[in-house]
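This report describes the fold of one protein chain, from its overall make-up down to single residues. Please keep the sequence and the model in view while reading.

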Amino acid sequence: MEESGDALAKKRRLAISPRPVCFSCRLVAAPMVGASDLAFRLLCRRHGADTCYTEMLFSERLLSDEAYRRRKLQTCVDDRPLIVQLQGNDPATVAAAAALVERTCPCDAIDLNLGCPLPQAEAQVFGAYSDHRTDGVPLLLFSV
């Protein structure tokens, strides 16, 4: 027996169970492409940031380019709490990138970019241009 779209949507909503945030996030340094590297994050922390984001990282590139991965996931003991932000539009690729980050980077959370307004995001259909009218966004969330 096939379930209706409403029943499936309700099950999907119930399947997401947010975890409590176990770190301070009073002052957060947001992700900035080309800027939120380790040196910048440490500077932000020196000036009061409790939590910092990496810049938006390309899921496909994290999986395929070791030099990119080493450079972008660079961190240290003073760089905590740390949130790694991923972008992508293919659920399997984003899930694989999230699993890789979880195995190789001592971060406290992984964030999925659903708000990037850059022209590249529009061209590649991610960020603010993710298709919120279809199952695209829920599939990304459930895959990770």
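## Overall make-up

Of the 144 residues in the protein chain, 34% are buried (buried means under 20% relative accessible area, exposed over 50%, partly exposed in between, with a 1.4 Å probe and protein chains only). The model is predicted: local features need pLDDT of at least 70, side-chain atom pairs count only at pLDDT 80 or more, and totals for chains, interfaces and linings use all residues. Residues are numbered from 1 along each chain as its sequence is written, and side-chain values use heavy atoms, with hydrogens and water left out.

The protein chain holds seven helices and four strands (DSSP runs numbered from the N terminus: helices are H or I with at least four residues, strands are E with at least two). Along the sequence they follow the pattern α-β-α-β-α-α-β-α-β-α-α. Among contacts between residues at least 6 apart in sequence, 62% join residues at least 24 apart (contact means heavy atoms within 4.5 Å).

## The sheet

The four strands form an open sheet in the order β1-β2-β3-β4, with parallel pairing (two strands pair if DSSP finds at least two bridges between them). β1 and β4 are the edge strands, each pairing on one side only. Five bridges link β2 and β3 in the parallel sense, and Met56 stands opposite Gln85 in β3. On the other pairing, β3 is joined to β4 (residues 109–112) by four bridges, again parallel. Here Gln85 stands opposite Asp111 in β4.

β3, helix α5 (residues 91–104) and β4 make up a right-handed β-α-β unit (right-handed: with the strands pointing away from the viewer, the path from the first strand over the helix to the second runs clockwise). Helix α5 lies across β3 and β4 and runs at about 160° to β3 (axes are lines fitted to C-alpha atoms, for helices over the stretch in contact, and angles run from 0 to 180 degrees between N-to-C directions).

## Helix α2

Which residues of α2 are buried? In this helix (residues 38–46), they are Leu38, Arg41, Cys44 and Arg45. These residues lie on the same side of α2 because they cover an arc of only 120° around the axis (the arc is that of the directions from the helix axis to the C-beta atoms). An α-helix has 3.6 residues a turn, so residues three or four places apart point the same way.

The buried residues of α2 pack against β1 (28–29), β2 (51–58) and β3 (82–87). Ala39 and Arg46 are exposed, on the face of α2 turned away from its buried side. After α2 comes Gly48, which has a positive phi, near 115°.

## Around α4

Helix α4 includes Arg70, which counts as exposed because its relative accessibility is 55%. Arg70 and Thr104 are 34 residues apart in sequence, and their C-alpha atoms are 9.6 Å apart in space.

The loop between α4 (66–72) and β3 contains Pro81. The peptide bond from Arg80 to Pro81 is cis, with omega near -5°.
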